[in-house]
Each structure stands twice: as C-alpha cells, then as structure tokens.
Amino acid sequence: MSKLPQSLANNPKLGQWLDFAAPGRVTVRIGKVEIGQGIKTALAQIAAEELDLAFAQIRMAAPATDTAPDEGVTSGSLSIQDSGSALRLVCAETRALFLAQAAQRLDAAPETLTVADGVFRAADGRRTDYWALAAAVTLDRAASGLVAPKPITAHRVVGQSQPRSDLPDKVFGLRRFIHDLDLPGMVHGRVLRPPSTGASLVSAPEAMADGIGLVRDGNFLGVVADSEQAAERAAERLASRLEWRERDALPDPALLFDWLKTAKAEMQIVAERGTPASGARTHGAEFRKPYLAHASIGPCCAIARWEDGALRVWSHTQGIFNLRADLAIALGIGRERIAIEHVEGAGCYGHNGADDVALDAALLARTMPGRPLRVQWSRRDELAAAAFGPAMAIRLEADLDAKGGVLAWRHEVWSNGHSSRPGRAETPTLLAASDLAKSFPRRLSINVAPAAGGGAERNAVPPYDLPALKVASHRVLDMPIRASALRGLGAFANVFAIESFVDELAALAGEDRLAWRLARLADPRARAVIELATARAGWSGRARRPGRGIGLGYARYKSNGAYCAVVAEVEAEREIRVERLTVAADVGLAINPDGIANQLEGGAVQAASWTLLEEVRFDRRRIAIAGWEDYPILRFPEAPAVAVHLIRPGDQPSLGAGEASLGPTAAAIANALHDALGLRVRQLPLDRARLAQAALA
Amino acid sequence: MIVNGRARTVAAPDEASLLHVLRGELGLVGTRHGCGSGQCGACFVLLDGEVKAACELTVGQARGRSVTTIEGLGSPERPHPIQAALLEEQAGQCGYCLSGIQIAAAALLARRPDPDEGQVRAALARNLCRCGAHGRIVRAVLRAAKAMRV
C-alpha cells in the first residue's frame, strides 16, 4: 500500500471525511479551518473534481471536535498539501466505490458509465446517482489510497478560478462571524488583563453593583453582564478601581537586539556544508526585525457554555483539537468533556488571541452553568495582549575572494521560538493560564523542527549554490514578551536579510544583482519566477530617476514550498513609498488560481506594511499600545499597486501560497530603497528614523 | 430613528452606543465592531448621508435621523453595484472590513459619481484592511462607479 498522506493516516475512514445524507449534496468534513484565506473554496473544488459533482453540490461542514477529522493546526501554508491530498484520495476512492455499485445496479461495465453532477449514466441513458446508491455503499471503511486521482488533463473544476463561497455573506454583512452568533440566553463577559508581564492584583472590589457578576481567580479578573454594553462599561468602571503590583520585566527597548544576542539561548546548527577556503576579506552585516503584532481588524472572540460539567466552545481557533487539549489541562477536566466548534473570525495571520479568549470565556462561563457566555477582547488587548511575532537579529558574513566571489557564507539568527501554540505540551500556553490562582508557568516558545519548516530558522539556509555555508539558530530561553507564530515565522526576516545581503555582495563583486542570483540558482523553477517578475516589472533598460529605485527579492518558502519573486518600485524623495509590487510565483498545481493570486497579493501588501511601518513599542514595564494610534498599519492611500503572475508548471504537487510573498517583498523594498538612495537600511521598519541612522553609519 | 428607510423605535436609552443597538436590539450585525474608538472604519454607517463611526455615536445622536447600514445598501437578492463589483473582483479575504468600506465608498459615489483612483483611495483612508485586499477593493469601487453611471 502506498503511504497515505498524514491527515488520512490519522483519520483513515472515508466516512470521517464525507457523507451523502443531504439530498443532492455531499457534506465534506475537514479539520482545517477558514481564516480568510479561502481554504473552504479550494478544498470544495478538489472534492467536486474527484467526485464529479458540481461545485455548488459541495457543502463544507464547520469543523468541530465531535465530527471533524483531526488535522492539527491550520498553519504553515499546509492546508492544500495536508487536507487537499487526503481529500483528493478520499473522494477518488469514494467515487470508485459508488461507480462499482452503479455499474452493478445498471448492469453495465463501470468504464462505460459517465459521471456528472453526481449522476451515473449508462450508454443507453439509464441512470442512478450518489444519493440513490448511498444506502448500498458503506463509507465506514479505511481508505486504501489505491484509487488514483484524476490526471491533471482531466480537471474541469481544479485549476479554474472559483469565486469564494464565503465572500457573499461577508460582502452583504450577514451573520457569519463568531462575533455575530447570538445564542439563546447568552450573556457577555469582559476580562481585565494584568497591565504588564508578571503584574499581580493587589486589591480589587469583592463585588459589583447593578447585577454585574465579578469573577476572580488569582490575577484573572472578569465581569459578566446581560448585555455587551453593560459588560463593557462595567469593565471600564472596574479598571479604575484595581491596584496592580508591577515590575520592570521587559528588556530595555534601546538595547533590544543586544539583549537578544546575549540572553541565555540554545544553539542549533541548521546547516553546514562545504569546506571554507580562506578568503581575501570578509563582509558582514546585521539585520534586525522588531516584534510585530497580528493587528486583525476584528477583536478575538469566543463563546463558552458549561452544562453538567461539560464544556462547549465556539471559537475561531486555528486548531480545534489543540485548543481542546490545552483547555482540558487549564480547566482540570478530561478532554472528552469538551467540544469545540469552529466559527469564522476576522483575518488570522498566525497564532493570535483566538485560543486565549476561549479560555477567558470558559473561565467566566463556569460561574453560570447553562448560559452561553460571549467574550470579546478590547482593541488594546487585540493589539497588545496577543502573542507577537518575535524580534530577530540576524548576522550574515561572507568570506570573499579577491574578485568578490563568495567562498563561505555564515548565517546566525537570534530569536525567541516562533511557536507558543496550544496542544503540544503538558501545560497550557493559553494566556490566562498563568494568571490563575493555581497558575501554570508561562511556557517558552519553541521552534518547530526544521523538517517541518522550522521557526526562527525558517528560510535561513540561502537558496544559492555556495561553496561552503554554515547556518546557526539561537533560541532565546527567556521570554519577557510573549512570542508566537506570525505569518511566515522566521522566513520574513531571514529572506529580508539574505536577499539584502545578496545585493550587497553583488555590488562588492561588481556584478549585476539579477545576474548574480540567476548564476547561482540551479533550480529552473526558481530562475523562472525571477525572470518572470523582472520581465513583467520592466527591470532591464529602465531609465534611472532621482529618488526612485527598483529592487528584487526571491525565496522558495520553507525551501520546499512555493517559489516567489517580488520586484518593488519605490519612491523615496520625500516619504518612502512603495508604488508597485510585481509578484511572480510557482505554487505547483494551482487549485484556485484567483484565490492564490489574492493570497500572494495580500501577503505582499501586508509585508509592505510590516516593512515600512510596523514595530511594537514598549518600555521596561509595559507594551506601549493602547489603540491603532500606537500601531499604524498601511492605509489605502499608501497601499502599493500589486500585479501577480502565476507560473503554471503542469503536473507538480500543490504548494501552499499564503506565506510565500512576504519575505521577498521585504527584501525587494529594502533593495529598491538602496537603489533609490544608496543607503542600506538593515533594521526594520524602513522608516525615516532608520534611514537617518543608516545615513550616519 | 429611520434605519435603512424604516422607522424603528429603539428601547435603549439615549446614552447607549449606536453600534451596540444596531448589532443587538436591531439585529443588524453587518455593522462590525473593530476598535470601539472610531479608528478603523469597520462600523461605518451613514447618518443623514454622512459617514460616521457607529461606535462613537449614541442612540440620542441618531434619534430622528436617518441611519443607513450595510444591510440598507443591498442584499443578495438586490445587490448594490458596489456589492456586485466586490464579488466580481473577489475583493476581500477575511471580509471583516468590507461593511465599513462599502459605506465609505457609497458616500463617495453619491457625491462624486466619477472618481479617479486617487479619490477612491483618499475616500477610504479612514478604513483599515489588514489582509491586503486594498488594490482589489479600489478596482471594485471604480467598477461600481462605472456601472452606476450607465
């Protein structure tokens, strides 16, 4: 038997994935969740393709722990790879079982039947369909993985741009988001978070007036009211009556990168190959990325209801099973007593506060069994209490021969781990768990294994042919500022650093920066995206204009995922402005090309925002973010024009698209800025202040 | 107050937040809560035709006046040209910002039926989008403007 995709090996029964109970429809159950990336649509396309159904006949069930296959976390741009490959085999095998049954019933050879819109037709016009056959075909059987999916040449749904099935509800303002759920008897809660890391509550009122419930457990404090507004106002009133004991637990922001490089850390060699020859000189540079916030437009939200000691949670988590595992530990109950149902939230770009707010809701709801209790985070908490994408320092060195050719390349990265996701350890990582009277220590963030793409070291190994290289990662073992996964993890800063450094090396060698790259990339798919992006952006033969520049960035995400090249055009005479981004990508077999373009484009714009504007500010005690005024993001007038070009490589495995464009965009902007002004800015964000520092250096 | 062309009696007191009343008592959840302080545009509504953040308005300020929410712009059965254009351009990812953006765009097109790209971008300057759907959204507004002129 061929090796099954992991998602299928873990959830082998066909019936776990789909059923034909609804007339004229197939219900597909997946463990991956919709987070605004359009995965429901792309996976429905795969199901429609392999089952020979119309797209409109696919119903994607909301993932819930009591019905969905456990597919872990929706992260790492892996849903098409994990869920898609499992679903493709499941649907191909299901179709084959039904085809055999149809052949028997129609008394015809299977190969003489045609299948369309779920109807099996014999040559003489007699017909049956999935729903008529369903009683005779048992899906309570393990997938063999032996039925080959359709060849790419037979595809009619996959590879066509399919409008997103979830978008109309969102355009028309319908009740779609978790924020909109209104369950019978629902009450509302708000949490008053400790103002800083390690703060403890010295004094708080024992009770509230006007029928407001007060819940306290150690340093965890919340209010409960019948209406959302009453809860919000009660939280405001209560905040002014609390006394916290705080301490200076954060690093000195002026010395953040020194702290990163000197803090206790665990070192890991990520790659080491070749024997370095001694060079004529060494070029070295340090690149820096600050803490970044998720900064979703919608605040995190959850609803919890306890009944007879069992808990039901509605959540926009990225991993329903992982959340369940951590809730079970934090609440001290068996995980079989907890059910979690996924409901869509606002945009999710990594491990945000969705899991944290679920624990908040569960803790408050426990005080009123039978009542669903909804908690929504404040804007401040959304920006400042969720885990951040960690700060990183990256030291790059190249030993060069007399002509500037690279003899050896060294890359060192210092960072906290890039994952504090729940469900992976003996103690929970949920925010409030460390505030409870019976508190769980805050767990240090980890880096997932390099084989799974790594964390801080993601994309730290350069894609170029180099005679010798050494890549090392230092995971900082102190986490005063809570860090976890943000879109692309370490890839964003590593690609920014590597691709900036490549431009520096090309200049030192007197080589053209585009030619330098093409000469050192053996993989034709890598060269193809670079050639396409530069051709479409009009790279060659451009007239130089003062204050304007063009730059290139390239990476293959996780070194084994999607290929992406970005060309940035910037104008930097007065303000630093990215005018245009040209993105070229190869994601293997594209399921929904327009959905992929949307993801690549959105990633590029988000990366432009991170690169130009974003930085979490703090002092020795507190995160200095109260609202959007303290964490500006790119707005409509400044958002660059983006053009996305997809290479369709034919029959190649699908590669996730959601995170591929971010690192290359940052590097392209930095390189364009250098092209415009002759200044190399190595610390993000690339704002006026950093530009002035670079000019002085 | 007149909500989406219909007179509605609101039981909530004058000092109640219009956003809470729209989403709660009136069941119009299309107006999204984003920040609660008028900084993101997710809860934009038209108050007598003017773009306002519902989170910064009280019921008292809206009494006797006309409030238009996303539900008043159009519906799946009768989409507003902006809604049709957003779907044609697939202009959105998570979609959380789209209600407020459509309100700001509708106000723009009401006073300026033939805007250029810069004017569309300027009209949306107070609306935040985190997914990076800006370009598609701007294209959709321009497409809607064209459709409304013919």
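Biologist: In this predicted model, is A295(A) buried or exposed?

Modeller: A295(A) sits in the loop between β13 (281–289) and β14 (301–307) of chain A, and its phi is near 55 degrees, a positive value in a residue other than glycine. The cut-off for burial is 20 or more other C-beta atoms within 10 Å. Because A295(A) has 24 C-beta neighbours inside 10 Å, this residue counts as buried.

Biologist: How many other C-beta atoms lie within 10 Å of D52(A), and in which loop is D52(A) found?

Modeller: D52(A) also has a positive phi in a residue other than glycine, near 55 degrees. Its place is the loop between α3 (39–51) and β3 (58–60) of chain A. D52(A) is buried, and the number of other C-beta atoms within 10 Å is 22.

Biologist: What is the radius of gyration of chain B?

Modeller: Chain B holds seven helices and five strands, which run β-β-α-β-β-α-β-α-α-α-α-α from the N terminus on. The globule rule gives 15 Å for 150 residues, so chain B is as compact as a globular protein of that length, and its radius of gyration is 15 Å.

Biologist: Which word describes how α5(B) and α7(B) are set to each other?

Modeller: Helix α5 (residues 98–111) and helix α7 (residues 134–149) of chain B pack with their axes 11 Å apart, at an angle of about 40 degrees. The crossing in which α5(B) passes α7(B) is right-handed. An angle counts as roughly parallel under 35 degrees and as roughly perpendicular from 65 to 115, and the two helices are therefore oblique.

Biologist: Which residues of α7(B) meet α5(B)?

Modeller: The contact of α5(B) with α7(B) divides into eight nonpolar, no polar and no charged residues. From α5(B) come I101(B), A105(B) and L109(B), and the residues that they meet in α7(B) are I137(B), V141(B), A144(B), A145(B) and M148(B).

Biologist: Which element gives the largest share of the side of chain A that touches chain B?

Modeller: Between the chains, 43 residues of chain A are in contact with 45 residues of chain B. The elements that give two or more residues to the side of chain A are α6 (167–171), α7 (228–239), α15 (593–613) and β24 (641–647) of chain A. The residues on this side divide into 19 nonpolar, 14 polar and ten charged. The largest share, eight residues, comes from α15(A).

Terms used:
Residues are numbered from 1 along each chain as its sequence is written. Chains are lettered from A and ligands numbered from 1 in the order in which they are written. This is a predicted model: local features need pLDDT of at least 70, side-chain atom pairs count only at pLDDT 80 or more; totals for chains, interfaces and linings use all residues. Two residues are in contact if their C-beta atoms, placed from the backbone, lie within 7 Å. Helices (H or I, at least four residues) and strands (E, at least two) are DSSP runs, numbered from the N terminus. Ala, Val, Leu, Ile, Met, Phe, Trp, Tyr, Cys and Pro count as nonpolar, Asp, Glu, Lys and Arg as charged, and the others, Gly among them, as polar. Axes are lines fitted to C-alpha atoms, for helices over the stretch in contact, and angles run from 0 to 180 degrees between N-to-C directions. Angles under 35 degrees count as roughly parallel, over 145 as roughly antiparallel, 65 to 115 as roughly perpendicular and the rest as oblique. A crossing is left-handed if the near helix is turned anticlockwise from the far one by less than a right angle, and right-handed if clockwise. The radius of gyration is taken over C-alpha atoms; the globule rule is 2.2 Å times the number of residues to the power 0.38. A residue is buried if 20 or more other C-beta atoms lie within 10 Å of its own, exposed if 12 or fewer, and partly exposed in between; C-beta atoms are placed from the backbone.
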